[in-house]
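Hello,

Here is the structure I promised to pass on to you. Please have a look at it first, and then read my notes below.

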Amino acid sequence: MKFGLLAIGILLVVVQSTQWVNVCAALQGPQVPPNKATSAGKEQTEEDGSNTSRQTESTAESTGSEEGGYEIRSNQRKASKYFDNQIAAKAAQIAENIQGAEADGKNKLLKFAIFERLWIEEVVRKKLQAEIELLEARQEPQQVLDPTPEQIEAESMYENAMEMLSKPNSDKRVAFTLIRKAAEMKHSKARAELAWARVLGHYMDFDFEYAAAEFDDLAKEGLPEANMGLAFLYSVGVGGKNVSQPLALIHLTLAALGDHTYAQMALGYRYSFGINVPASCEKSLSYYKKVAKKVALKVTFASGPLVHRVRLLDELENPGSQETEIVDYYQLLADKGDVQSQVGLGQLYYQGGKAIQQDHQKALEYFTLAANAGNAIGYAFLGKLYLEGSEHIKADNETAFKYFSKAANLGDPVGQSGLGLMYLKGLGVPKDPLKALNYFTMAADQGWVDGQLMLGNMYFTGNGVKTDFKLALKYFNLASQSGHVLAYYNLGFMHAYGIGMLRSCPAAVEFFKNVAERGRWSTNLMHAYADYKNYRINEAYMQYALLAELGYEVAQSNAAFLLDRGDVSIFHDRNEELIRAFYYWKRAASQGYSAAQVKLGDYYYYGWGTNIDFETAAALYRKASEQQYNAQAMFNLGYMHEKGLGMKKDWHLAKRLYDLAAVTNADAKVPVAIALLKLQLLAKIESIKESPYKFIFYLDENIAANWDLYMITILTLLLGFIMYTRRTQEQRQQNQGENNQAAQPENGEAATNHENPPNNENENSATNTAAATSSSTSGSSTDKTSPSSAPASTAAETSSSTTTTSNASTSATTTTTTTKSTLTIPSAVSNSTADPTE
């Protein structure tokens, strides 16, 4: 049994040796003729006549051949000993350890097999070293020239400008003025920075052609910034550069070799999602790991300014309250002495926001007001400000320790973690890992992210405690739930190398990508949003497009949103804008943004920027509805089930999806109600088609073919009838109004001719009203002094009241008022018309 295992082991070693021979042959280039590589083979075959060893030695001998046009003299290699004593001894020792004393007969064979592999590795190493030395010898020594005064001045202006740009409250226009002057002095990096400003519209107008020319010139000098600029221009298709993803990929690779951060992020994103390159998790991990390391080294205790990732589509659909209004409200309360408002404003200025820039000086003022009132959070954040310092605040460990102590005594976790950090690193106090562990534990128990992170670091590195990767993983996970950058970095590191867990390349890429997207360049998201709010749409789009190339999902969706609405005026072609928007929506959808998946489904449904594809649209709607519970996706999917577009027609499933959309989002209730009503109507029509009344749907072909003419005729007759009835009613109202106006003077005269005594006031009023109505209807004039007018008025009253009730009531009201006024006339008027019998 042991000899069988031994034979299998020898066979595996020989197979691996053959693979190493092939690898060496690939590295060496063309093989040398066999007659030049036989001397070493003869020495080896005297002890072992195996054909494998002879072939291996012949291959190893060929390492003296020419490669890449450079020749290494073969006599140096032939003069060296093929059996290096150290390698042979090591091989014998390995064979003895493997075999033991029972396999003396096979020990020699195994020794030479192991030696063969070690010897090949040594030959390859020596060959590569010799080639490196030869290349270095052939390189011409570069003469180091001292910089001229002009170059020194340009470098100084460039460094001052970049320092100003890194500060949040500095004057950016002054910085770009310095960059422009340095560029005029032929400073390469200043020229590249100025070209980028022309591309992105930073404090100057667009000039894509100028930027492209500058990038072309600087790329010839090997400047990574220029290669990155050309990659962006080829990807977007501006500055006279047609869209070319292969050229963009070439320039990205060149820029990444020059350690350009943007290029490394772009390549990491492309290899992660397989965009124009074969998907490779390992390559993506190598690029993202480099960027994440740069970000982690720059993270401070204050964690830098807070970056808000605002999705323009979500903001349009769900507009919230303006941040400036909230700040004004807090400002009002803070001025009245409200401590919580003072703390809130201090934290807002400490981290920055969408409408508020980071300002540690104002944060210091508000935290001081809160601390004077005895607030623990005010004490803690004052300690953080004095621990690190800033542009206007000098770092002071003693003051920081004082404020941290006050906050910790009040049980504040921020103060406790601050004291733990000072004891851990010995900042103003003697190092004491045990005290640091105690403070971090108290802060972590209260859920404070810094305490959780530092506890994880201590357990990971074994600083003051026993190394425990499981506890480190636990605290890193807790800190990552609060979004701490270093927690993401440490988790990515553990997943990348399989520390405390099984190795997972996708998880490591996800964590490192998250860290990389939190670098200082992420502040461009805020700049682009500010440009959008100030109606500088083209500037906002170019910045979002750049960040979209780096893999920011928010930037991809925002760039697509601006192109989708047609607000960008750079391309002057609507179809081209839709094609670009389609690709941006596609990239954002691949990163899991549900609204982008819905928009991409709309593009496939309507054929915007691509061909119509109902099946793909339905698949995207289904993905968004199942994974993110998107109400719009549910509604669209229900409509496609209703119509049978891209899937089987199913009204029951359509109704179910409509109901789910209404439950998911209250705003969908109205359109869902309309859709359900239409669905019920269609169901009724289908039931009629299956009933005995189905002949309605199978009328004469002539009627069915000209249904529109019949419909127009019916609508015309209906409209004419409505106009006729409306006109008759208006004429009747107009005549009634004229009658009312004519009734008022006649009522006054009729009152003077009345023969009844004055106490019959109500009867006289009714009589006069009837007389006015009768006279206006008949159109005949009556003798106002005739006694027989009263009976005639009474008869006319009856006929008029039966004709128009509402108008008569109005007339009666007016007549009654007139009658009462006539009854107040002196009796001399009535005497003039006395009874003749008297």
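**What I found**

Of the 838 residues in the chain, 41% count as buried. Please keep in mind that this is a predicted model. The chain holds 41 helices and zero strands. Its exposed surface comes to about 46800 Å², and carbon and sulfur atoms supply 54% of that. If you look at contacts between residues at least 6 apart in sequence, 56% of them join residues at least 24 apart.

**Aromatic pairs**

How many aromatic pairs are there? The count comes to 31. A pair of aromatic rings is described by two things, the distance of the centres and the angle of the planes.

Let me start with Tyr-350 and Phe-367. Their ring centres are 6.5 Å apart and their planes stand at 70°; angles over 60 degrees count as edge-to-face, so this pair is edge-to-face. Tyr-350 belongs to helix α17 (residues 339-351) and Phe-367 to helix α18 (residues 360-372), so the pair ties together parts that are 17 residues apart in sequence. Both Tyr-350 and Phe-367 are buried.

Now turn to Tyr-386 and Tyr-403. Here the centres lie 6.0 Å apart and the planes meet at 15°, which is under the 30 degrees used as the limit, so the pair is stacked. This pair links distant parts of the chain, with Tyr-386 in helix α19 (residues 376-388) and Tyr-403 in helix α20 (residues 397-409), 17 residues apart. Is Tyr-403 buried or exposed? Its relative accessible area is 16%, and buried means under 20%, so Tyr-403 is buried.

There is also a cluster to look for: ring pairs link Phe-460, Phe-469, Phe-476, Phe-493 and Tyr-497.

**Charges over rings**

Two rings are worth a click here. Arg-311 lies over the face of Tyr-593, at 4.5 Å from the ring centre. Over the ring of Tyr-475 you will find the charged end of Lys-474, 5.2 Å from the centre.

**A nonpolar patch**

Which residues form a nonpolar patch on the surface? They are Met-711, Leu-715, Leu-718, Phe-721 and Ile-722, and together they have about 500 Å² of accessible area. One of them, Ile-722, is placed in helix α37 (residues 707-752). With a relative accessible area of 44%, Ile-722 falls between the 20% and 50% limits, so it is partly exposed.

Happy browsing, and do write back with any questions.

Best wishes

Terms used
Residues numbered from 1 in each chain as written. Predicted model: local features only at pLDDT ≥ 70, side-chain atom pairs only at ≥ 80, totals over all residues. Heavy atoms only, no water. Helix = DSSP H or I, 4+ residues; strand = E, 2+ residues; numbered from the N terminus. Buried < 20%, exposed > 50% of the residue type's maximum accessible area, 1.4 Å probe, protein only. Lys NZ or Arg CZ within 6 Å of the ring centre and 35° of its normal. Patch = residues over 30% accessible without salt bridge, like charges linked within 9 Å, V, L, I, M, F, W, Y side chains within 5 Å. Areas by Shrake-Rupley, 256 points an atom, 1.4 Å probe, with all protein chains shown as cover. Salt bridge = Lys/Arg side-chain N within 4 Å of Asp/Glu carboxyl O. Contact = heavy atoms within 4.5 Å.
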